[in-house]
Amino acid sequence: MERIAEEVQGSGLSEIFETFDKLRANEYPNLDKYGHVYLDYTGGNLYSRWQVQQHMEFLEKEVYGNPHSTNPTSLRSTEFVEKARREVLEHFNAGDDYYCVFTANATQALKIVGESYPFDHKSHFLLLFDNHNSVNGIREYARRKGATFEYCPVYLEDLRIDEEQLHRKLVAAKHKQNKLFAYPAQSNVSGVKHDLKWIGIAHENGWDVLLDTAAFVPSNILDLQTVKPEYACVSFYKIFGYPTGIGALLIRKNAFEKLDKPWFAGGTVSYASVTMPEFFLTDNQERFEEGTVNYLSIPAVRYGLEWINKIGMENIQKKLSVLTGYLLQELQRLNHRNGKPLVHIFGPATNDRRGSTVIMNLFDHEGNKIDVGMIEQKANEKRISVRTGCFCNPGIDEINNCITSEELSLFYSSKGYTHYDRIHFLGKMRGAIRISLGLMTNHSDCEKYLEFCKGFLS
Ligand SMILES: Cc1ncc(COP(=O)(O)O)c(C=O)c1O
């Protein structure tokens, strides 16, 4: 632990750990009160008492009405929604170059891009194998509108981008118009941080970029003055736990008109008629905020941002880097008595260019994969929150398990639809165990997970 700690740049690590310990005791007391080992931060972050108290005070202070009107209660709500919007843009250093569209979550933000991007038979959609299904699903919009799409692989060894192939694909689509490249800044499965340099390279080759930052922004600074994707999505509960049900689509202003919204709805038009079927869409972010925004919860986004900024992203990163490095090292030291390893980590097995999400499989002393469902059940009994399965990211699972397109084609033409049908059909045990460390993870959580894994040694 100390050795890894020394490797992390800067000083004052023990102070950082002490501060986090105090915060955990005072602000997140339920973790230890109920004996939870929470290792699912990529699933959702945890919220502090302070955030909730601030929000309750806010709610108790005033009367808030449905925004977008001129009555006093409505104006009050609008004021706080707009404040939150400004602070989101400031948090991501968006300057005046971006709109912030409030959505229900990252998925809704991605859906807006999917249904509004001007895909047609001349356009092309490029994705990484490593994408959340909420990004993968955009290909269906592309496909229905006659656009072509293709995937760029990641390497089996470290689950990083095959740079040569990506470069080739970005350069090759010269003849296409309206080209969209989508990738995650950080994998929600392997924790790999995919290089943000690809945004600039894609731009040089005439692409628009959709950056999925959902798994990246909880422990990294996204600076939109430095990297300038046309579109970026976030879910706020992943950054600071509360409130759920709010995300954002950040749209670079010069790519705003490119999105061709296929319909209108309440809140999105400056005028619409019935006698004559015409409408004018609003010319700012409201164009994509359909119906009534979550005006009571959006103001709480400010408290979340304030909280995270008080703690400091650098401190979060330093702490997580130490703990992740320690876990990676210790997990790989676990061997059965006959010398066979217990754990296989997929993706980078060191701290290099990765976040604090780690996936793995456990193997018995004969080298057989231990069923992940059974492992999860045992973890549940010990109040250890991990995740198993393929984490809405089938590409990574298919790579890790070497599933071929021939096998998948046979499967999709068969009648089996459930997870177990699929395992049975392919004759391959799929899925992995994912642990994701975050804001309140401490050394004891890591030790408890290691102890849990040791329970499978023989
Ligand atoms: C990388 C990534 N993208 C998108 C999503 C979808 O986020 P949400 O479920 O909040 O819409 C997730 C959720 O885990 C994610 O990790």
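Where is Arg383 found? Arg383 is in the loop between α14 (372-381) and β13 (384-385), where helices (H or I, at least four residues) and strands (E, at least two) are DSSP runs numbered from the N terminus.

## Basis of the model

This is a predicted model, in which local features need pLDDT of at least 70, side-chain atom pairs count only at pLDDT 80 or more, and totals for chains, interfaces and linings use all residues. Residue numbers start from 1 along each chain as its sequence is written.

## Overall fold

The protein chain contains 18 helices and 15 strands. Its radius of gyration, taken over C-alpha atoms, is 23 Å, close to the 23 Å that the globule rule gives for 458 residues, so the chain is as compact as a globular protein of that length. The globule rule is 2.2 Å times the number of residues to the power 0.38. Along the principal axes, the C-alpha trace spans about 80 × 55 × 40 Å.

Of the 458 residues, 42% are buried; a residue is buried if 20 or more other C-beta atoms lie within 10 Å of its own, exposed if 12 or fewer, and partly exposed in between, with C-beta atoms placed from the backbone. Two residues are in contact if their C-beta atoms, placed from the backbone, lie within 7 Å. Among contacts with a separation of 6 or more, 70% involve residues 24 or more positions apart.

## Domains

The domain assignment, which is automatic or taken from a database, gives domain 1 (2-46 + 312-390 + 431-454) and domain 2 (66-308). Their C-alpha centres lie 30 Å apart. Contacts link 21 residues of domain 1 with 20 residues of domain 2.

On the side of domain 1 that touches domain 2, α13 (313-331) and β12 (357-362) each supply at least two residues. The largest share, 4 residues, comes from α13. This side divides into 9 nonpolar, 9 polar and 3 charged residues; Ala, Val, Leu, Ile, Met, Phe, Trp, Tyr, Cys and Pro count as nonpolar, Asp, Glu, Lys and Arg as charged, and the others, Gly among them, as polar.

## Ligand surroundings

The shell around the ligand includes Thr42, Asn105, His132, Asp212 and Ser235, a residue being near a molecule if its C-beta atom, placed from the backbone, lies within 6 Å of it. Pro184, Asn188, Ala214 and Ala215 are also among the surrounding residues. By class, the shell comprises 4 nonpolar, 7 polar and 1 charged.

## Tyr242 and the cis peptide bond

Tyr242 is placed in the loop between α11 (236-240) and β8 (247-252), and Pro243 is in the loop between these elements as well. The peptide bond from Tyr242 to Pro243 is cis, with omega near 5°.

Tyr242 counts as buried because 22 C-beta neighbours lie inside 10 Å. Leaving aside residues up to four places away in sequence, Tyr242 touches Tyr47, Gln51, Val52, Tyr237, Ala300 and Gly304. Gln51 is 191 residues from Tyr242 in sequence, yet their C-alpha atoms are 7.5 Å apart.

## Positive phi values and a hairpin

Phi of Leu159 is near 60°, a positive value in a residue other than glycine. Leu159 lies in the loop between β4 (148-152) and α9 (163-172) and counts as buried, with 24 C-beta neighbours inside 10 Å. Arg383 also has phi near 60°, but it counts as exposed, with 12 C-beta neighbours inside 10 Å.

Strands β9 (residues 269-272) and β10 (residues 279-281) run antiparallel and are joined by 3 bridges; strands pair if DSSP finds at least two bridges between them. They form a hairpin with 6 residues between them, and Ala272 has Phe279 as its bridge partner in β10.
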